[in-house]
Amino acid sequence: MTESVLADKATAREMACQELVRQARAIELIHAGERSALPQIRDLMIEFVARHAQLLDPDDFELPVAHSRFHKLVEGGEVPYGFYLGVTRPGKEAAPHMHGLWGITVGISGREINHFWRRTDDGSAPGRAALEHLGSTEVALGTGMTLAGDEIHSTETLGDEPSWMLHLYERPFSGFPSLLFFHPERGTVRKLPAHAAKTIRG
Ligand SMILES: [Fe+2]
């Protein structure tokens with residue numbers, strides 16, 4: 001492709017992504033709470049991937065050297081969300097964690113499993129936490145998952161190929177609060193500043 005074709009594509013992608021974020025914000029504002037808005041925004045994003053396959057061609061988004069890499073699509077502006085295309089190498093895992101803000105993942109290519117957990121202790125013992133596994137959802141082309149701010153998930157990229165996924169978060173990475181990371185087998189929890197959690201988020 002020539003440089004001008006690539007530039008046109010980048011502009012078209014940026015416009016489409018900004019429109020998606022505006023539509024998502026409109027859905028969130030119509031709903032009183034995030035839980036009822038999130039599945040609708042997820043479905044909007046799945047439709048977005050189907051409609052804009054050319055703009056979201058995996059070949060246009062570089063692989064990470066290791067683990068995962070998030071390509072910025074929209075950050076800040078009139079809508080306070082963070083919208084990214086995440087590329088993750090197979091086998092990459094993220095331990096159970098709570099973001100403290102909502103997030104949605106939908107698939108473009110490759111497969112990622114999300115496990116969902118519930119905290120069963122009362123939080124009174126410092127550094128200790130008990131988790132119960134609730135279930136899992138596989139994300140691939142045509143599917144997605146939603147996570148409310150107080151929900152806990154863990155992720156793993158499945159198969160032999162990297163995964164390319166769209167991630168929409170309530171805030172850009174720079175505005176993330178500290179994350180809670182859990183170790184279900186050891187029964188522990190620790191709070192990590194958002195910047196320290198960069199390499200293990202998912
Ligand atoms: Fe996560």
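This is a predicted model: local features need pLDDT of at least 70, side-chain atom pairs count only at pLDDT 80 or more; totals for chains, interfaces and linings use all residues.
Residue numbers start from 1 along each chain as its sequence is written. Helices (H or I, at least four residues) and strands (E, at least two) are DSSP runs, numbered from the N terminus.

**Helix α1**
- Helix α1 covers residues 3-30, 28 residues in total, and reaches 41 Å from its first C-alpha to its last.
- That is close to the 40 Å expected at 1.5 Å a residue, with the expected span taken as 1.5 Å times one less than the number of residues.

**The five-stranded sheet**
- Five strands make an open, antiparallel sheet in the order β1-β2-β9-β4-β7; two strands pair if DSSP finds at least two bridges between them.
- At its edges sit β1 and β7, each pairing on one side only.
- β2 and β9 pair over seven bridges in the antiparallel sense, and G86 stands opposite M165 in β9.
- α1 lies across β1, β2 and β9, at about 75° to β1; axes here are lines fitted to C-alpha atoms, for helices over the stretch in contact, and angles run from 0 to 180 degrees between N-to-C directions.

**The cores**
- The largest nonpolar core has 29 residues, and M45, L166 and L168 have the most contacts inside it.
- Such a core is a set of buried Ala, Val, Leu, Ile, Met, Phe, Trp, Tyr and Cys residues joined through C-beta atoms within 7 Å.
- α2 gives the most to this core, with six residues.
- Leaving out residues up to four places away in sequence, M45 touches L20, I104, V106, G144, L166 and L168; contact means C-beta atoms, placed from the backbone, within 7 Å.
- A second, separate core has nine residues, including W117, A129, L131 and V189.

**The six-stranded sheet**
- Another open sheet has six strands in the order β6-β5-β8-β3-β10-β11, with antiparallel pairing.
- β6 (131-139) and β11 (188-192) are at the edges with a single partner strand each, so one side of each has no neighbour in the sheet.
- β5 (residues 111-119) and β8 (residues 152-158) pair over seven bridges, and N114 stands opposite T155 in β8.

Key: A residue is buried if 20 or more other C-beta atoms lie within 10 Å of its own, exposed if 12 or fewer, and partly exposed in between; C-beta atoms are placed from the backbone. Two residues are in contact if their C-beta atoms, placed from the backbone, lie within 7 Å.
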